[in-house]
Every structure is written in structure tokens, then in C-alpha cells.
Amino acid sequence: AEDGIRDLVRSRGLGDVYKRQNLGMISLERSTQYDCYSKALVIYKQLGIEDANAADAYYNIGSICEDEEQEAYYSKAITVYSRLEEKSLLAANAHYVLGVREKSKGNKEAAKMHGKAAYEICVSLLGNAHADTKKIVAEFKIDSI
């Protein structure tokens, strides 16, 4: 989900249909995506570039990975977005996913921090009334700002 919105509302569209129909094809596709984003990151690092495109690549690799590897890539994306002071729905989604994961581990403070960050980004980009913003409020029991 390039814009982050579909992940927050858990509606992924046709991608899920293709995954159900041909799991072997999606594995190859994910592997190819991982390779492409990884190569882009190598080039960014060689050129000393760590901009929004690099943050997007970290996020996209994270969306392909699982567990600790996903956490590491999402955390790196969040760090770059924050340093650039860039409001991105990808950053909001990374915060959301990490917050839910921290919540499931019982790390209430970390979960709340990620939830609040996701909320603040969504409010600034989408507004209080948007379904994604409301979902974050419900998930993390956040008081409206």
C-alpha cells in the first residue's frame, strides 16, 4: 500500500485476490520487490542520500518482511521521515503496525507512543473524521487533540 491508507483499514484490494490464487507467484513478486528496494537503498547509501525516497524504500522493504526484520525497517523509515520532518501516511502506517505489535507484547508505553504518532500524522493529513484516524483512536484509546 503505497499511500498507507489501505493498510490502516486492512483493505488491500486485488493484491489479496492474487495471493489467494497463486501463492508461488506472489513469493517471486515479493522477492523481486525486496531485491529492487534493497538495491535502491544501496545506491542511496553510496551516494549519501537519505531522503523521503530512502524512507519509502525502508518502509516498502518492511512491508514485505515479518517480525523483527519488519520492525527494524519500519523503525528506520520512521527515523528518516522524522528527521526530514516529513508527514507521510507510510510513516503513520509504520507507527500503527509497530504500536499494535508493542501492544500485543504488553509494552503499553511504546504502543501508546506509536499510536499517538500515527494519530498525529493522520489528523494532519486526513483530519479527525477520517476512518483511519478513528481506527487509531479506537485501537490506542487516544483522546482527540
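Predicted model: local features only at pLDDT ≥ 70, side-chain atom pairs only at ≥ 80, totals over all residues.
The largest nonpolar core holds 29 residues. Leu41, Tyr59, Tyr81, Ile136 and Phe140 have the most contacts inside this core. Six helices each supply at least two of its residues: α3 (23-47), α4 (52-64), α5 (67-83), α6 (89-105), α7 (108-126) and α8 (131-140). Helix α6 gives the largest share, 7 residues. In soluble globular proteins, nonpolar side chains tend to be buried together. Ile136 shows what surrounds one of the core residues. Beyond its neighbours within four places in sequence, Ile136 contacts Tyr96, Gly115, Ala118, Tyr119, Cys122, Lys141 and Ile142.

The count of salt bridges comes to 6. One of them pairs Glu50 with Arg83, with the closest N and O atoms 3.0 Å apart. Glu50 sits in the loop between α3 and α4, whereas Arg83 belongs to helix α5; the two are 33 residues apart. Glu50 is partly exposed, at 28% relative accessible area. Arg83 is also partly exposed, at 46%.

A salt bridge also joins Glu139 and Lys103, again with closest N and O atoms 3.0 Å apart. Glu139 lies in α8 and Lys103 in α6, so this pair ties together parts 36 residues apart in sequence. Both are partly exposed: Glu139 has a relative accessible area of 22%, and Lys103 has 39%.

Lys116 is partly exposed at 37% relative accessibility, as is Glu120 at 34%. Elsewhere, salt bridges with shared partners join Glu50, Lys76 and Arg83 into one network.

Terms used: Residues numbered from 1 in each chain as written. Heavy atoms only, no water. Core = buried A, V, L, I, M, F, W, Y, C linked by side-chain atoms within 4.5 Å. Buried < 20%, exposed > 50% of the residue type's maximum accessible area, 1.4 Å probe, protein only. Helix = DSSP H or I, 4+ residues; strand = E, 2+ residues; numbered from the N terminus. Contact = heavy atoms within 4.5 Å. Salt bridge = Lys/Arg side-chain N within 4 Å of Asp/Glu carboxyl O.
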